Amino acid sequence: MGENTERSSEPGADSARRAVADPSLSRFLRVLRPLLAEQSACSAWLVGSRARGTAAPESDIDVVIVAPTERPFVERFRDYLPAVLAAGVGVDLLVYTPGEFEQMRTEERPFLSHAMKSARKIDVG
């Protein structure tokens with residue numbers, strides 16, 4: 001019903017429009033971006049249903065972050081906790097060191113290979 005199907009040739013334009021139409025994602029990204037800069041993140045990727053544009057309003061937000069860290073894997077989310085809390089929906093946030101991420105890519109790990117097929121890069125500043 002009156003949906004705008006016009007496509008932009010500008011990279012990431014569709015992702016930007018979806019984020020504006022997705023209040024949970026907009027809140028999350030607004031708080032996440034400064035944290036990415038603060039943590040010297042190398043890259044960050046929106047994955048899952050929100051990256052594919054198939055999410056329901058209550059769907060969780062799935063994110064892969066590549067950043068240097070000394071924290072154990074299960075505690076790395078703590079550096080991004082304000083963004084997780086701001087989202088207002090569940091957030092699955094995975095933080096890998098650059099070495100871990102590269103090794104997973106090199107080994108073509110199924111989870112990462114599948115997730116990155118529809119991944120949308122998040123501007124880290």
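Rings of Phe, Tyr and Trp (its six-membered ring) pair if their centres lie within 6.5 Å. The views below show a predicted model.

**View 1. An aromatic pair in the predicted model.** By this rule the count comes to 1 aromatic pair. The ring centres of phenylalanine 73 and tyrosine 96 are 5.6 Å apart and the ring planes meet at 35°, so the pair is classed as tilted; planes under 30 degrees apart would count as stacked, and planes over 60 as edge-to-face. The pair links distant parts of the chain, 23 residues apart: phenylalanine 73 belongs to the loop between β2 (61-66) and α4 (81-87), whereas tyrosine 96 belongs to strand β3 (residues 91-96).

View 2. Phenylalanine 73 is partly exposed, with a relative accessibility of 41%. Tyrosine 96 is buried, with a relative accessibility of 8%.

**View 3. The sheet that contains β3.** An open sheet is formed by 4 strands in the order β3-β2-β1-β4, with mixed pairing. Strands β3 and β4 (120-121) stand at the edges and have a single partner strand each, so one side of each lacks a neighbour in the sheet. Strands of a sheet pair through backbone hydrogen bonds, either parallel or antiparallel. Between β2 and β3 the pairing is parallel, over 6 bridges. Isoleucine 65 stands opposite valine 95 in β3.

**View 4. Helices lying across the sheet strands.** Helix α2 (residues 23-38) lies across β1 (43-47), β2 and β3, and runs at about 15° to β2. Helix α5 (residues 98-106) also lies across β1, β2 and β3, and runs at about 95° to β3.

Terms used. Residues are numbered from 1 along each chain as its sequence is written. This is a predicted model: local features need pLDDT of at least 70, side-chain atom pairs count only at pLDDT 80 or more; totals for chains, interfaces and linings use all residues. Side-chain values use heavy atoms; hydrogens and water are left out. Helices (H or I, at least four residues) and strands (E, at least two) are DSSP runs, numbered from the N terminus. Buried means under 20% relative accessible area, exposed over 50%, partly exposed in between (1.4 Å probe, protein chains only). Two strands pair if DSSP finds at least two bridges between them. Contact means heavy atoms within 4.5 Å. Axes are lines fitted to C-alpha atoms, for helices over the stretch in contact, and angles run from 0 to 180 degrees between N-to-C directions.
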